[in-house]
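Here are some friendly notes to read alongside the model. Please keep the sequence and the structure open as you go through the points.

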Amino acid sequence: MPKFAANLTMMFNELPFLDRFEAAAKAGFKYVEYLWPYEFPAAELKAKLDQFGLKQVLFNTAAGDISQGEWGLSAIPNREAEARRDIDQALEYALVLGCPTVHIMAAVVPEGESRQAYKQTFVENVRYASEKFKPHGINICLEALSPEVKPNYLLKSQFDTLEIVEWVDRDNVFVQLDYFHAQNVDGNLSRLTDRLRGKFCHIQIASVPNRHEPDEGEINYQYIFDKLDEMGYQGYVGCEYKPRGETVAGLGWFEKYK
Ligand SMILES: O=C(O)[C@@H](O)C(=O)CO
Ligand SMILES: [Mg+2]
């Protein structure tokens, strides 16, 4: 049975962020993920996890200046010092939070810039992170984002991510397989999952096209979950969806997995 993690950035959004931990635990989740922890001291977040018996399973490196269109710095040429500062910061948080996996965000590539130069920079920064995280047993994930969510992001297809993972060639660097983006860009999810076997260490889910609960839309998630079980997938499945309404009211799909 998949180990579902509540994504506290998208779920329980009707509550202030720090109250979402309790709400997730009450709803039956044992695991949580969210995009960024940096607004709060790591110890405060760890205390919330411990208070409600939760385990943090994923968060991201900082996004940079979102108001300027940034969405990760790790692939931007000549900004390696900032990217590595963010990677070091993520490691400090992961150690306090006891988090096994960190998503290293790549970057948006402005029109006219060389994608190859961005890829090269990303590979070097991910190798830096790999070396830093390795002694602590922490994995790294890289994620493709569909253009309707993040136009011009460096990684669009799952195969863009796979290319970087294989280029980086380190045993703690994996694909973050978000089926919402994968369906939007690549489709053919069963074959895709087979193709990526052994290469992904974290999964995220949402319905397509509306990014809601995984009980509607064009993806048959029950089939996918059974397939992941058959494959022996041991990682987590992040529920990174925008609830149709109130979060708990939409958790009918989760009843049988509690
Ligand atoms: O799918 C997403 O948008 C997220 O998993 C993320 O990490 C930020 O882009
Ligand atoms: Mg995602």
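1. First, a term: on a 1 Å grid over the protein atoms alone, a pocket is an open set of points with protein on both sides within 12 Å along at least five of seven lines, and lining residues have an atom within 4 Å of a point. A molecule sits in a pocket if more than half of its atoms lie within 2 Å of its grid points. By that rule, ligand 1 sits in the largest pocket.

2. Some ground rules. This is a predicted model, in which local features need pLDDT of at least 70 and side-chain atom pairs count only at pLDDT 80 or more, while totals for chains, interfaces and linings use all residues. Residues are numbered from 1 along each chain as written, chains are lettered from A and ligands numbered from 1 in the order written, and side-chain values use heavy atoms, with hydrogens and water left out.

3. Now the polar contacts, meaning pairs of N or O atoms within 3.5 Å. A polar side-chain atom of tryptophan 71 is 2.9 Å from an oxygen atom of ligand 1. For glutamate 143 the corresponding distance to a ligand oxygen is 2.8 Å, and for glutamate 240 it is 2.8 Å. Taken alone, ligand 1 exposes 260 Å², and the protein buries 96% of that (Shrake-Rupley areas, 1.4 Å probe).

4. Glu143 and Glu240 are listed by UniProt, in an unreviewed entry, under "active site". They are spread over 98 residues of sequence yet cluster in space, with a largest C-alpha distance of 13.1 Å. Both Glu143 and Glu240 belong to the lining of the largest pocket. Please bear in mind that UniProt annotations may be inferred rather than shown by experiment.

5. One backbone detail to check: the peptide bond from valine 208 to proline 209 is cis, with omega near 15 degrees. In general, most peptide bonds are trans.

Key: Polar contact = N/O pair within 3.5 Å; in protein donor to acceptor, adjacent residues only side chain to side chain. 1 Å grid on protein atoms, 1.4 Å probe; cavity = no way out; pocket = protein on both sides within 12 Å on 5 of 7 lines; lining within 4 Å.
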